[in-house]
Amino acid sequence: MPEMLVFYTFSAVAILASAFVIGQRNPMYSVLLLVLSFAAVAGLFIQLDAPFLALALMIVYAGAIMVLFLFVVMLLNAPQEDALTWDRAHPLRHPVVTRFGTVLAVFLIVELGYALMRGNDLAQPIGSRASGEVVSSVRELGRVLFTDYIFAFEATSILILVAMVGAVMLARREGEQS
Amino acid sequence: MDLKLAIELGVIGLTFFMLINASALLVLAERKIMGFMQQRYGPYLVGPHGALQPLADILKLLFKEELRPKGADKWLFTLAPILSVTAAFAAFATVPWGAETTLFGLLDTPIKLGVADVNVGLLVIFAITSMGVYGIVLAGWSSNSKYSLFGGLRASAQMISYELSYATSLAAVVLLAGSLSVREIVDSQQGTWLGFLSHWWIFVQPVGFIIYAIAGVAETNRAPFDFPEAEQELVAGYNTEYSSVRFALFPQAEYINMATMSAVASDLYLGGWHGLLPFYTPLDPLIEQYGLGWMVFLAKVSGFLFFYIWMRWTLPRYRYDQLMSFGWKFLLPVSVVNLILTAAGWLYFNA
Amino acid sequence: MVPLSHYLIVSAVLFALGAAGVFLRRNLITILLSIEIMLNAVNLTFVAFGRFAGDVDGQIITFFVMTVAAAEAAVGLALVIALFRHRESLNPDTFTNLKW
């Protein structure tokens, strides 16, 4: 029972925070609410026996990427969306979009309900293949990362280098020398 | 509620209480040590030899008027110091400050002296410390003032830059100790090398310790890296527009961050609660036997904090671009090379 | 243990919220934030399935997703800065002409 309570709390915080992210007009508030959502999902990761990943999520996403977003919002002095134009031109006021969206949403909800009712749910890991100890150990994570997935690891490092160079190139002012 | 749970809650409360007292004592210690270094007495009037000065400071700050600039963002202006202080206190959660003890036979099973012992404890400290950046950024932004904004942006950019060297120097110690849990890293520093040198990781990682100390000072925005909050430069940087309680939380967060950095340095490099001095003394087995490790830990943390204060009032301040180029162009490559050499050495000696 | 379907529902709702944000918001930064919400939901799915299959593979893939998300956020924000410098607006509707 306490497990379910923790799960419901974290999920509720994550979903509410994400809903407010897309519903806020002030981009600064959106960024901070997204940090809250990441913290809640990190809590869900800890419940899934992945503590290292939860902390990596906090360090990388909430500690670095969101700070980058915050910097850009502050430097650009990002204007709030104008309330009147937002209301007038909102896509949900467009009849075709609303009808199509409603049909799609109903379809997806029915499908989700059907999938849940089928009762093929998993309450335990399949055959207890790996206990929480093995899955949550950093040593095991490192071993698999550096032996089975070593190529993806090296490719990712080149990707980050390319992204870093690209970001610097894109953000410089025109006509600026090195 | 059985006895063990009650005592564990008591340990948590004691840790929190110790941190609050540490911030108050650091206010006094800084001003007294600054005074003695400048060949004068520090605060002298309040209490015996000025010992109650922090009380006077806090009372003064509490009675000041709570201002809020007109254009300041209502929520973020108050949220910023709360975030700073919460991150500062929470980062101490996985720092152990004493060995396992049965409290002189009061309990059947020993309890660990520290708030929590998670098997990824070091990462928790690192993650929560990087949350502290938000407090400063939001303080700078929500004050709606040019000086605050520049101060906030510069301080947060500095903190993020030095986080990299900080993490890489920690990774070298994790490699040597074989675990991310801070308690296990401290326990790997038991015993001696060659019979007389304490088994501290500083002797294997001298460069790593220096990198960690420098990055720790830069992380907490202390001199000589305190350009963003220097009085002569940007009025007061990101806390220009703050007053009274909201202002008081910022220096408190800074002092608690200092205490956390010192605690982590003494846990990771200086042996924590093992080994009173860098060489073996006959006191060491007595300390283990009577469970006085926490006093050894306290002595090491206090020494490191004295070193912090000493550095502030001795060294001149770095200019901001010098600070950033030092962090990226010198400290980060040195810490990466340190990690690589440590890994190579470990592989060579343990293959 | 919490059943798998619960995690999948949370992840589906988060993904839907992110997708709705991408379609409905007229602010470039909020669109990028909604993309991050979607990536977050996908991470949760991967880790949940990884746990219930008894592997660390779910976590490994999540590592790579996080890294790619970081790279994409950096480049995306650089693009936003370049676009803002040109038109002084963060509304994607102002960038509908093919002329720069």
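**Notebook: chain contacts in a predicted model**

*Entry on chains A and C.* I asked how many salt bridges the rule finds across the interface of chain C and chain A. The count came back as 1 salt bridge, and I then looked up the polar contacts, of which there are 6 residue pairs between chain C and chain A, with both residues at pLDDT 80 or more. For the elements behind this, I noted that α1 (4-24), α2 (28-53) and α3 (57-87) of chain C each give two or more residues to the side that touches chain A, and that α3(C) supplies the largest share of that side, 23 residues. Sorted by class, the side of chain C that touches chain A has 44 nonpolar, 12 polar and 7 charged residues.

I next took the extent of this interface, in which 63 residues from chain C meet 75 residues from chain A. Chain C and chain A bury about 6,400 Å² between them, and carbon and sulfur atoms carry 76% of it.

*Entry on chains A and B.* I turned to the other partner of chain A and found 23 residues of chain B in contact with 21 residues of chain A. The area buried between chain B and chain A is about 1,900 Å², of which 81% comes from carbon and sulfur atoms. Which residues of chain B lose the most area to chain A? They are Tyr134(B), Trp141(B) and Leu153(B), which together make up 29% of what that side buries.

For polar features I recorded 0 salt bridges between chain B and chain A, together with 2 residue pairs in polar contact, both at pLDDT 80 or more. The elements that give two or more residues to the side of chain B touching chain A are α3 (74-90), α4 (121-142) and α5 (146-177) of chain B, and the largest share, 11 residues, comes from α4(B). By class, I listed 18 nonpolar, 4 polar and 1 charged residues on this side of chain B.

*Entry on the pairs of chains.* I compared the 2 pairs of chains in contact and saw that chains A and C share the most contacts. Chain B and chain C are joined by no contact, and their closest C-alpha atoms lie 15 Å apart.

*Entry on chain A.* I looked up the secondary structure of chain A, which comes to 8 helices and 0 strands. Of its 178 residues, 37% count as buried, and the accessible surface of chain A comes to about 10,600 Å², with 70% belonging to carbon and sulfur atoms. I also checked the sequence range of contacts within chain A: among those between residues at least 6 apart in sequence, 55% join residues at least 24 apart.

*Entry on one residue of chain B.* I picked Asn338(B), whose place is in helix α11 (residues 320-350) of chain B. Why does Asn338(B) count as buried? It does so because its relative accessibility is 10%, whereas the cut-off for buried is under 20%. Leaving aside neighbours within four places in sequence, I found Asn338(B) in contact with Ala172(B), Gln205(B), Gly208(B) and Ile211(B).

Technical notes:
Residues numbered from 1 in each chain as written. Chains lettered and ligands numbered in written order. Predicted model: local features only at pLDDT ≥ 70, side-chain atom pairs only at ≥ 80, totals over all residues. Heavy atoms only, no water. Contact = heavy atoms within 4.5 Å. Buried area = accessible area lost by both parts, 1.4 Å probe. Salt bridge = Lys/Arg side-chain N within 4 Å of Asp/Glu carboxyl O. Polar contact = N/O pair within 3.5 Å; in protein donor to acceptor, adjacent residues only side chain to side chain. Helix = DSSP H or I, 4+ residues; strand = E, 2+ residues; numbered from the N terminus. Nonpolar A, V, L, I, M, F, W, Y, C, P; charged D, E, K, R; others polar. Buried < 20%, exposed > 50% of the residue type's maximum accessible area, 1.4 Å probe, protein only. Areas by Shrake-Rupley, 256 points an atom, 1.4 Å probe, with all protein chains shown as cover.
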